Amino acid sequence: GMFFQDGLTGSAWGDWALYTASPLRAFENELGAQAPLGFFDPLGLSSDGDAYSFRRRRSVEIKHGRVCMLATMGYITPELTGKFPG
């Protein structure tokens, strides 16, 4: 069967169950892969199917997300509680 993906929205149509040639199938059961898209990688960063690179990118993404949340709180907290004089 054929498999097609819309490059604009990432929506897929075709017989995905028969499309087993993709290395992205290696990450279909990972946390975060959910219907209807499955494993979503629009830039193709994991197209080689390397598990080490996938796990490293995932841990780096979590770390950067946490740093961004702390930075946001550092911006919002002085606005709510007031600033130190001086």
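Student: Among contacts in the chain between residues at least 6 apart in sequence, what share joins residues at least 24 apart?

Tutor: That share is 25%. Keep in mind that this is a predicted model.

Student: What does the chain consist of, in terms of helices and strands?

Tutor: You'll find 1 helix and 2 strands, and from the N terminus on they run β-β-α.

Student: How confident is the predictor, going by the mean pLDDT of the chain?

Tutor: The mean is 75, with 65% of the residues reaching 70 or more. Among the elements, strand S1 (residues 3-5) has the lowest mean pLDDT, 56, while H1 has the highest, 91.

Student: How do you know that the span of helix H1 agrees with its number of residues?

Tutor: Take its 31 residues, 51-81, at 1.5 Å a residue: they should span 45 Å. The end C-alpha atoms of H1 sit 45 Å apart, so the two values agree.

Student: And what does the backbone do just after H1?

Tutor: Gly 82 takes a positive phi there, about 100 degrees.

Student: Why is Leu 80 called exposed?

Tutor: Exposed means over 50% relative accessible area. Leu 80, which lies in helix H1, has 70%, so it counts as exposed.

Student: What makes the pair Lys 83 and Glu 79 a salt bridge?

Tutor: The cut-off is a Lys or Arg side-chain nitrogen within 4 Å of a carboxyl oxygen of Asp or Glu. Here the closest N and O atoms are 3.6 Å apart, so the pair qualifies. Both Lys 83 and Glu 79 are exposed.

Student: How much of the chain counts as buried?

Tutor: Of its 86 residues, 13% do, and buried means under 20% relative accessible area. The chain exposes about 7200 Å², with carbon and sulfur atoms supplying 62% of that.

Technical notes:
Residues are numbered from 1 along each chain as its sequence is written. This is a predicted model: local features need pLDDT of at least 70, side-chain atom pairs count only at pLDDT 80 or more; totals for chains, interfaces and linings use all residues. Side-chain values use heavy atoms; hydrogens and water are left out. Helices (H or I, at least four residues) and strands (E, at least two) are DSSP runs, numbered from the N terminus. Buried means under 20% relative accessible area, exposed over 50%, partly exposed in between (1.4 Å probe, protein chains only). Contact means heavy atoms within 4.5 Å. Accessible areas come from the Shrake-Rupley method with a 1.4 Å probe; for residues, only the protein chains shown count as cover. The expected span of a helix is 1.5 Å times one less than its number of residues. pLDDT is the predictor's confidence in each residue, from 0 to 100.
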